[in-house]
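Let's take a look at one protein model together.

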Amino acid sequence: MPTSRSRRFPLPAIAATAALLLPLAACSSSNGSGASGDAQRLRVVMAFPPAQAMSPYGDDAVTLSRLAVIEGLTTLDRNGAAKPALATSWKQDNPTTWTFTLRDAVFQDGAKVDADAVARSLTAATKASPLPRVLSDTTLKATAAGKDTVRIVTEEADPLLPQRLANPSLTILSAGAYENGKVNPAGHATGPFTLTDVKGAVAATLERNADYWGDKAEAPGVDVTFAADGTARANALRTKTVDVAEYVPIAQASLLGDAYVHEFPSARTNGLSLNTERGVFADPAMRAAAREAIDSKALVDGVYEGRADTAQGLLGPGIPWAAEKRTPPTGRPRAATRTEVAATKEITLATYTNRPELPEVATLVQQQLEKRGFTVKQVVRDYAQMEADGLAGKYDAFIQARNTLLDTADPVSYLASDFTCDGSFNISQLCDERVDTAVGKAASLTGTDARHTAEMTAEAAVLGADALVPLVHERFVQGYDDARVEGVALDPMERTLITADTHVG
């Protein structure tokens, strides 16, 4: 059932912090380390509780990646180019066939990382339901071509395959991870930290992987707590209950001070997805009216205190090449008048609490839409309770924060998963031949510059359909004491946070 409006506000600061201290205490007391060991263990609070029991085939894969538990064949540099991880090298044999050579490594349970293990993991991902978003625009078949050589064949040419294989959902796990139709990465991955215990959606424990193929983790372990309430995360950092707080709320940043606040640009766009298939926004004129109602600057100033950028399109300042290649949308329909809008039925506007700014954004967006004549009801809950309904099209409008480079470090995957007819994350329910054609063309191009130009043409088609109204482009704020904690990754693509280098100084 949707929550009532009265429950959407954060817990009071003291109560929220007290609620957070209980799982933290339980987590740190369960690791079995001595006093000196405890002092060196990292204490981290994450914003998104596990939603799929740490399955690598959903958003939990990003959490595992940010905690340095899992790895794929490749990883990405800061420019989004593929570089070696479990694969030391690769070559393209023909447009649809690639060969990857594996490094000498072992899984956390002692099994050898070999071609059979890689083929097993990649095959399992292709059979997962729902299909991981990174595979929404491609198909692949992986087979062992030798003990340390894997051949990957795609149905169509996929110039982004090396970047795609860096996606957390395509992590490589040992045979022990696959039992009874489920996938359990605990103790079966290859990263510098081993997931040893998960307490539901409350806490998790990681230990240093002594057999890691690369530089060993400097911290002996990580005690993780999950807290959707942003005020609780900030207060835990302020009271030194944790060493690292993920996604510090904008409202708390000035209270924490510069020593604890680390702000950097992101590839994340916060947008208003409009249900193009059913309800009020199935009418293009109503979508156009909603777009005209939105005042991005008011959101930046009123909610983000200037720590965000006004909406430019689907791709914001975190993608520096986008602005010069942007193509204005064309063919937009006439926007409905206020009188026409006022004659429509009530719309449901949904968002989630895990990002503390979003409920505030929803309140301002509701006011802006109501000023245009819409009657609006809000639904605000934890993200894990909302994703399925959002994907099923049960809301008229959905406010979400989306990393446009998360899947392949190239926006073509985001465009395909979020806006094509067969897209696996198509909350707007858009099915538009012009969009599908534009995205397909971008996906087919091998040259980086040509692909980027085509991606901006696809952006213009999505914006022309008013499937998503860009609200703001986020800047990330991670919290830690830079005089005490070193090695925290400030990653615009959100794949890394804790690394082998992260430690308490």
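## A tucked-in threonine

T138 is buried, at 13% relative accessible area (buried is under 20%, exposed over 50%, partly exposed in between, using a 1.4 Å probe and protein chains only). T138 sits in the loop between α4 and β6 (helices are DSSP runs of H or I with at least four residues, strands are E runs of at least two, numbered from the N terminus). Leaving out residues up to four places away in sequence, T138 touches T154, D158 and R164, where contact means heavy atoms within 4.5 Å.

This is a predicted model: local features need pLDDT of at least 70 and side-chain atom pairs 80 or more, while totals for chains, interfaces and linings use all residues. Residues are numbered from 1 along each chain as its sequence is written, and side-chain values use heavy atoms, without hydrogens or water.

Four strands make an open, antiparallel sheet, ordered β4-β5-β7-β6; strands pair if DSSP finds at least two bridges between them. β4 (87-94) and β6 (140-146) are the edges with a single partner strand each, so one side of each has no neighbour in the sheet.

β4 and β5 (residues 97-102) pair over six bridges, and N94 has T97 in β5 as its bridge partner.

## The cysteine pair

How many disulfides are there? The count is one, taking a disulfide as two cysteine sulfur atoms within 2.5 Å. C421 is joined to C431, S to S 2.0 Å. Both cysteines lie in the loop between α14 (411-419) and α15 (433-444), so the link ties together parts ten residues apart in sequence. C421 is partly exposed at 31% relative accessibility, and C431 is exposed at 56%.
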